[in-house]
Amino acid sequence: MRIYRHYKDLPAEFRGGAVAVGNFDGVHVGHREVIGEAGLIARASTPKLPWGVLTFEPHPRLLFQPDQPPFRLSPFRIKARHIEEMGVDFMVVLQFDREFARQPAEKFIDDVLVGGLRARHVVAGYDFLFGNGRRGNCSMLLGMGQAHGYGFTCVPAVTDNDGEPYSSTRVRDFLQSGDPVSAAAVLGRPFEIEGRVEHGDRRGRTIGFPTANLHLDEYIHPTFGVYAVRAGIDRGGQTHWIDGVANMGLRPTYETSGVTLEVHLFDFDEDLYGKHLRVALIEHLRPERKFAGLTELQTQIAKDVTRAREILSAIPPM
């Protein structure tokens, strides 16, 4: 998949495509339906059309609510990977700033979709809003498409077996209530935190449970506590998954500052410092708590490891 930072940079081979438009934070089941619809249209056309995604960075909430806690489900690098895995040909990533937010919705359609991408077909989710005052919607995209000669598809809400729509908000709510299993059902895969392994205080190694430490940065903070996890390590283009247990939070026993994800991998003793690690939260085991001393902490971690092994042994490999 080719990535472009401006619609004016798009080469001729990717103009005139079927393009899915949206923020797509999390790339959950509903998002994949929108993106996949553009792919179906692109591949069914004669001749085939380029299959594209148009998205925005940073997320608009960061611009309009900069002081709110971290909320991202998939920072840009991770969002791009999930979209690429679908087989998309190209992605255009527009900078979302004050100037862009002030432009009228009609100008976005005229300049970006029509003049820049020269889209033959546009696909959006039913709740996609855009332009100054969020005036742009599916009705506008349909009406202006008829005037400008592009086709338009509005994908209705995609719901689960209980009739609940797949949405990023539901994923965030599940994660912050300690329910990664339900979050995974909405995402269509376990929720992952990815980052570079950083040097910690090495306390884990001294008590028999060495950890790889990640900072969450702009990721949403799931409920603090201990999780059964699977960690993905790059092996020459392939991801090798290893079972483990992880603590998410502030480490109250040591009275440290800053939210950290500490991952202990089972039956693993390689140096991961400086490498990228993907950590999938599989199941929440218990809340984070403060222990009276190292012996009590070691005893509880051993129990956490046993329980995590039992849970993960019953789940198919990733």
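User: Which residues in α5 meet which ones in α6?

Analyst: This is a predicted model. In it, A105, E106, I109, D110, L113 and V114 of α5 meet M140, L141, M144 and H148 of α6.

User: How many of the residues in that contact are nonpolar, polar or charged?

Analyst: Seven are nonpolar, one is polar and two are charged.

User: At what angle do the axes of those two helices cross?

Analyst: The axes of α5 (residues 105–116) and α6 (residues 138–148) cross at roughly 50° and come within 11 Å. That angle is why α5 counts as oblique to α6.

User: Left-handed or right-handed crossing?

Analyst: The crossing of α5 and α6 is right-handed.

User: Changing topic. What order do the strands of the sheet have?

Analyst: The order is β1-β4-β3-β2-β5-β6, in an open sheet of six strands with parallel pairing.

User: And which are the edge strands?

Analyst: β1 (2–4) and β6 (151–155) are the edge strands, and each of them pairs on one side only.

User: How much are neighbouring strands turned against each other?

Analyst: By 20° on average, with direction ignored.

User: How many bridges join β2 to β3?

Analyst: Four bridges join β2 (residues 18–21) to β3 (residues 51–57), and the two strands run parallel.

How values were computed
Residues numbered from 1 in each chain as written. Predicted model: local features only at pLDDT ≥ 70, side-chain atom pairs only at ≥ 80, totals over all residues. Heavy atoms only, no water. Axes fitted to C-alpha atoms, helices over the stretch in contact; angles between N-to-C directions. Parallel < 35°, antiparallel > 145°, perpendicular 65-115°, else oblique. Left-handed = near helix turned anticlockwise from the far one by under 90°. Contact = heavy atoms within 4.5 Å. Nonpolar A, V, L, I, M, F, W, Y, C, P; charged D, E, K, R; others polar. Pairing = 2+ DSSP bridges.
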